[in-house]
Structure formats: structure tokens, C-alpha cells
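Okay, thanks for coming, everyone. Have a look at what's on the screen, and I'll talk you through it.

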Amino acid sequence: MLYIVSTPIGNLQDITLRALETLRNVDFVVCEDTRVTSFLLHHFEIKKELVSMNAFSEKNKLNFIADRIESGSSCALVSDAGTPGISDPGVRLISELIKRNINVIPIPGVSAAITALSIAGLPTDSFVFEGFLPQKKGRQKKLQNLLTEDRTIILYESTYRIKKLLDELTNYTPERLIVVCRELTKKFEEIVRGFPQEIHLYFEKKEPKGEFVVIISPISWKHDSVNSHLHIEQ
Ligand code: SAM
């Protein structure tokens, strides 16, 4: 068995009872960064063998991990935060196990994308999750194509490129309402709603730090204000 175990994206109380039970019961845990997962397991007083597997090593470690599971060991896959495989390693391992007829069991929990979408106040019946835009090559084209969508768009962005993304959105789609979710579930959680330029100006004054999810309204979404829409929840 391979269990795909979601872990918190900040607040450790967001772990589920099933996640804890699974982590306690498996033979070993595959994780991205052993320091991050050791911290989590130590917090919940769980001692377990950890095997690291990140985006760079997934291909090489695939057979070693799959062989161990096939020979009878149970394994939990976790990522540094949130749901494994969602803009994180895991997909290759899962597909290898499916090929080998081994059961892959979800232990669901938090994902930053859905957490942000749940408070965006934008349509949720249909949405596009794009994860991270390319850092350089193809970035502009991909973003411009995405912006033709008439569905809510969810993007992940890093501290280093959030201002760049806000600048791009100001240029390409200045009247689109967006929601920037920073440090969700953590001490400095902040939700900033408004037009790209006003949010950009806000983060010019206050240096953006931490992790970000950016939600963009569908192209035909009608907002009720044409003036400043900046709204900050801290
Ligand atoms: N697998 C994870 C999930 O299910 O959410 C996502 C992993 S991806 C490598 C990390 C990105 O998720 C961050 O750069 C950020 O865009 C987003 N993210 C993760 N935790 C977050 C948080 N607490 N607040 C806002 N965004 C977060």
C-alpha cells in the first residue's frame, strides 16, 4: 500500500486524525525534505524511517521505493506541505505503483489552492489550477492564454516573483478582480482583494514575504465597484 497523506500548509492543527493514524502505522515515510517532515513527526511524537524523494531524485528513487512497497512494506508519501503531487513530487511514483497493481490510498487534507479558493468569493463551480507559471521561457504566452479563461484561475507564486506577477496582471488585465492569499493558516496570514495595480502598490509599500496563492476572477465576472476595491484581511 502507498498512502498519499496530506499535511498542513502552516497551522499544524490542520492535520487530520487519519493522517496521524496512517503516519503512525506505516513502515516508512517518503518525504521531500527530511528536516521538514522530522519536525512534523516530532511534533506529533511519531518516530518513523524517512526516505527523501524530491522533484530531482524522484525518477532515480522510483524503483527502490516501489520495490520496497511491492515486497510488502507500507508507505506514506508526504510533501513539505499540503497535498503530495499537487505542484509537488509524487506523480511518477503513483503511476509506477498503479502499473504494478499496488493500491494507492488517499488520506485527504489541506491544499493551498483549495484553501485559497474557498475564501476567494469567486465562482468555484468551475476553475483552472495552473500551479506555478514558468519562471522565464513561455511565461508571458502562458499567462496571456490563461487570461482568456472565463473560469476562476488559481496560481501559485513565490516571494521572488509575486511583484512581477502583479505587474504582469496590471499590464494584461487591469480591471480583473484578484485575490492574493499570503501565508494561509499561518501567523501572518493575509488576504488582499482588489485590482492588480492597487495590490501591486500595496506590496510596493509593504515588502511581500512568505508563500502566495493568487486567484484571478473569470473574464466575465462582474464586480460591484469601479473605484478602489482594495480590501485587506489580516
Ligand atoms: N502541495 C502543496 C499544496 O497542496 O498546496 C503545494 C506545494 S507548492 C511546491 C508550494 C506553493 O504552494 C507555494 O509556493 C505557494 O504558492 C503555495 N502555498 C503553500 N503553502 C501556502 C500557504 N500557507 N499560504 C499561501 N500559499 C501557500
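So, the radius of gyration, taken over C-alpha atoms: the protein chain has 20 Å, which agrees with the value near 17 Å that a compact globule of 234 residues would have. That globule rule is 2.2 Å times the number of residues to the power 0.38. Along its principal axes, the C-alpha trace spans about 60 × 35 × 30 Å.

Some housekeeping: this is a predicted model, where local features need pLDDT of at least 70, side-chain atom pairs count only at pLDDT 80 or more, and totals for chains, interfaces and linings use all residues. Numbering runs from 1 along each chain as its sequence is written, and side-chain values use heavy atoms, with hydrogens and water left out.

Now the domains. An automatic or database domain assignment sets the bounds, giving domain 1 at 2-107 and domain 2 at 112-233. Their centres, over C-alpha atoms, are 30 Å apart. Six residues from domain 1 and nine residues from domain 2 make the contact, meaning heavy atoms within 4.5 Å.

How much area is buried between domain 1 and domain 2? About 550 Å², with 62% from carbon and sulfur atoms. Buried area here is the accessible area (1.4 Å probe) that two parts lose on being put together, summed over both. On the domain 1 side, I9, I86 and S87 supply 74% of the area buried against domain 2, more than any other three residues.

And salt bridges between domain 1 and domain 2 (Lys or Arg side-chain nitrogen within 4 Å of an Asp or Glu carboxyl oxygen)? The count is zero.
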